[in-house]
Amino acid sequence: MNSTVEHIKCLIIGSGPAGYTAAIYAARADMQPVMYQGLQPGGQLTTTNEVENFPGYANGISGPAMMVELEEQAKRFDTDVRTGFINKVDFSGDIHKCWADDGKEIHAETVIISTGASAKYIGLESEQKYLQLGGGVSACAVCDGFFYRGQDVVIVGAGDSACEEAHYLSKLCKKVTMLVRKDDFRASKIMAQRVRKTENIEILFNTETLEVLGDGQVVTGAKVINSATKEEKVISCTGFFVAIGHKPNTDVFKDFIYLDEVGYIKYEEPGTSKTNVAGVFVAGDAADKTYRQAVTAAGTGCMAALDAERYLAAKH
Ligand code: NDP
């Protein structure tokens, strides 16, 4: 037998709030979970500044600090947390085979997929700079909009998410400027209509961002160009929101797990964490294009661990 094969009860793939919550529950149920943290240990919250809407933190907590606490909590119950990622799976049998980049072949009775989704960004250097600094670039209006109360913000995007987030921001901010790169929305009529009707949202069509401007610490504006007239201008703002879609991190599972057209994992049974493969469960944003919150991810992480525990109990 290959000496690198490891036999375990529960493998958790991904280390956002969904993964860690699954780990806490699975470890306390004596499933001795092994977690591979993935390419971005801590997940999307590590790019969030302050988390003020996770219940239990009366004074808020920074995203990275919260992830450290979650990791410590998972380790307190002996979760085996490993850096590295799973780069191949075979879910065709009763035992689920997974291969990690550290050379290990893992045979798991249950697998909890909590690989999350990655927000897409425009890709400008200046955008990435202020994102890393936590200085005013955000891909989540619900998470960060509160910090821009009474201020002017910009949001990029033209889909349902951008419309929903622009509308959300319009209730908090003085003015929202929406940058749409084509001459029309991609969003559904009703969502676009709601944005058009909101007084403090200005929509600039045919408009692309050239640069996110700042003082070296925080965002102060956006330099944009009208692609039809080639006219450039600067919009002052303190927040630069990007809502151009998410990509679920599910490519590695696509040969075995049912995904929707965008790549989100489909639930086999609504109201559970079950996928189409018995013994493989999903938690968090890898299956959620609607809520995408830390607290909802944590909730589904709990569900996945309980479903995995019940699956094992029924099997043995
Ligand atoms: P979408 O993929 O639907 O839209 C992405 C938008 O971003 C498009 O308008 C696209 O522009 C724009 N975009 C992409 N790249 C860039 C770029 N580099 N610069 C500027 N703009 C860019 O993503 P969403 O997150 O909006 O929605 C995902 C799915 O979730 C959809 O099916 C949507 O209907 C659904 N959803 C539903 C909601 C609801 O019903 N309440 C709420 C939120 C999402 P272009 O049009 O030019 O390609």
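In the predicted model, strand 11 (residues 152-156) and strand 17 (residues 239-242) run parallel and are joined by 4 bridges. Within this pairing, valine 156 lies opposite valine 242 of strand 17. Both strands belong to an open sheet of 5 strands, arranged in the order 10-17-11-12-13 with parallel pairing. The edges of this sheet are taken by strand 10 (137-138) and strand 13 (201-204); each has a single partner strand, so one side of each has no neighbour in the sheet.

A further open sheet consists of 3 strands in the order 14-15-16, and its pairing is antiparallel. Strand 14 (207-214) and strand 16 (232-236) form the edges here, and because each has a single partner strand, one side of each remains without a neighbour in the sheet. From one strand to the next, the twist averages 25°. Strand 15 (residues 219-226) is connected to strand 16 by 5 bridges, the two running antiparallel. Glycine 221 is placed opposite serine 236 in strand 16. Helix 3 (residues 125-133) packs on this sheet, where it touches strand 14 and strand 15. The direction of helix 3 makes about 45° with that of strand 14.

Helix packing was examined for helix 1 (residues 17-28) and helix 2 (residues 63-76), whose axes come within 8 Å and cross at roughly 20°. Angles under 35 degrees count as roughly parallel, and helix 1 and helix 2 are therefore roughly parallel to each other. Their crossing is left-handed. On the helix 1 side, the contact involves Pro17, Tyr20, Ala23 and Ile24. These residues meet Met67, Leu70, Glu71, Gln73 and Ala74 in helix 2.

The count of salt bridges comes to 11. One of them pairs lysine 315 with glutamate 109, with the closest N and O atoms 3.4 Å apart. This pair links distant parts of the chain, since lysine 315 lies in helix 7 (residues 294-315) and glutamate 109 in strand 8 (residues 105-113), 206 residues apart. Lysine 315 is partly exposed, with a relative accessible area of 31%, whereas glutamate 109 counts as buried at 16% relative accessibility.

Another salt bridge is formed by lysine 289 and aspartate 260, whose closest N and O atoms are 3.3 Å apart. Distant parts of the chain are again linked, the two residues being 29 residues apart. Lysine 289 is located in the loop between strand 19 (280-282) and helix 7, and aspartate 260 in the loop between strand 18 (246-248) and strand 19. The relative accessible area of lysine 289 is 43%, so this residue is partly exposed. Aspartate 260, at 16% relative accessibility, counts as buried.

Salt bridges with shared partners also join Glu6, Asp80 and Arg82 into one network. Within this group, aspartate 80 forms a salt bridge with arginine 82, the closest N and O atoms being 2.9 Å apart. Aspartate 80 is partly exposed, with a relative accessible area of 32%, while arginine 82 is buried, with a value of 13%.

Notes
Residues are numbered from 1 along each chain as its sequence is written. This is a predicted model: local features need pLDDT of at least 70, side-chain atom pairs count only at pLDDT 80 or more; totals for chains, interfaces and linings use all residues. Side-chain values use heavy atoms; hydrogens and water are left out. Two strands pair if DSSP finds at least two bridges between them. A salt bridge is a side-chain nitrogen of Lys or Arg within 4 Å of a carboxyl oxygen of Asp or Glu. Buried means under 20% relative accessible area, exposed over 50%, partly exposed in between (1.4 Å probe, protein chains only). Axes are lines fitted to C-alpha atoms, for helices over the stretch in contact, and angles run from 0 to 180 degrees between N-to-C directions. Angles under 35 degrees count as roughly parallel, over 145 as roughly antiparallel, 65 to 115 as roughly perpendicular and the rest as oblique. A crossing is left-handed if the near helix is turned anticlockwise from the far one by less than a right angle, and right-handed if clockwise. Contact means heavy atoms within 4.5 Å.
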